[in-house]
Amino acid sequence: MTAKNFFKKVLSPYIWLNLLAMAVIVLLLILGLKYGLDLYTHHGQTVEVPSILHKSYNDAEDMLDKVHLNIVVSDTDYVKTLPPDCILEQSPLEGDIVKPGRMVYVKINAPSIPRRPLPDVIDNSSMRDAQSKLSALGFQVGEPEYIPGEREWVYGIKCQGKQLAAGDRVSIEDMLIMQVGDGRRDMNEAVTYIDSNNYYFGEEEEEVEEPKRTRQHYRRQTEVREEHAAEENATPTNVSTVVKPLDIPTVSNTPAIPSGNVPAPAKSE
């Protein structure tokens, strides 16, 4: 390629028009990004958050809509002295400076007394831990009831005289009574050690003299064994076996007399 042809292509208006179009597009993107972000984020625009505490939900929504703010319910609670759907808390707070379109999160009053599940604290935590968990959930905890057991250990929870279990739904207005171990036992109880591993508390038992076994006792045992054997369709074992006397020859001191020469009996005088 000659130098003349090279400069002819470089100075071609087609190339310069393409470069100019690319520069214009990049400039428009930069300007659009700048002003678009300002418009989207409301740059330089601020509003003051009004107070909506103890207002009804509909009134609070109208007040926030006038200053271009949105309302979102984040949680519910219950206050007996306030009407239902009343605003209990708000975030951001009254007087905060925010941008238009900001979300205002509120907590409203429930229309009825909420019932919440009882956490798993029975036989699973100490009195202090259980009390902190129950209070954090909004439950009312009364004076504990002490029962025999490990000190400060929660063995049960009662509400209105009834035993509760983990997961039972309880009203937050009801008083919960924890059954806590007192860490003590009766010192009057005697401890009798049977072996190294087994022992029991209680009074010592008196030894009972075993009755003597008689002939009638063994006869009764034989009859019971025969009855069990008959019930199991088995041949009963003859426990009491009759022993026949042995034919033992009698030894005599009189000499034997031959059978042919039997003397006649002597005559009495």
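What follows is a walk through side-chain contacts, then the cysteines.

Some housekeeping: this is a predicted model, where local features need pLDDT of at least 70, side-chain atom pairs count only at pLDDT 80 or more, and totals for chains, interfaces and linings use all residues. Residues are numbered from 1 along each chain as its sequence is written, and side-chain values use heavy atoms, with hydrogens and water left out.

**Salt bridges**

Side chains of opposite charge can pair when their charged atoms come close. The cut-off here is a side-chain nitrogen of Lys or Arg within 4 Å of a carboxyl oxygen of Asp or Glu. How many salt bridges does the structure hold? Three.

Select E145 and K158 to begin. Their side chains meet in a salt bridge, 3.2 Å from N to O. E145 lies in strand 8 (residues 145-147) and K158 in strand 9 (residues 154-159), so this pair ties together parts 13 residues apart in sequence. Strands, by the way, are DSSP runs of E with at least two residues, numbered from the N terminus. Now colour by relative accessible area: buried is under 20%, exposed is over 50%, and partly exposed is in between (1.4 Å probe, protein chains only). E145 is partly exposed at 28%, and K158 is partly exposed at 22%.

Next, pick E89 and K107. This salt bridge has its closest N and O atoms 3.7 Å apart. It links distant parts of the chain, with E89 in strand 3 and K107 in strand 5 (residues 103-109), 18 residues apart. E89 counts as partly exposed at 46%, whereas K107 is buried at 16%.

Now jump to K80 and E173, where the closest N and O atoms of the salt bridge are 3.8 Å apart. K80 sits in the loop between strand 2 (70-77) and strand 3 (87-91), and E173 in the loop between strand 11 (169-171) and strand 12 (175-181), so the pair ties together parts 93 residues apart in sequence. K80 is exposed at 60%; E173 is partly exposed at 31%.

**A charge over a ring**

Select K34 and Y35. The charged end of K34 sits over the ring of Y35, 4.7 Å from its centre. The test is NZ of Lys or CZ of Arg within 6 Å of the ring centre and within 35 degrees of the ring normal.

**Cysteines**

Last stop: select C86 and C159. C86 is buried at 2%, and C159 is buried at 8%. Counting sulfur pairs within 2.5 Å as disulfides, the structure holds zero.

Key
Helices (H or I, at least four residues) and strands (E, at least two) are DSSP runs, numbered from the N terminus.
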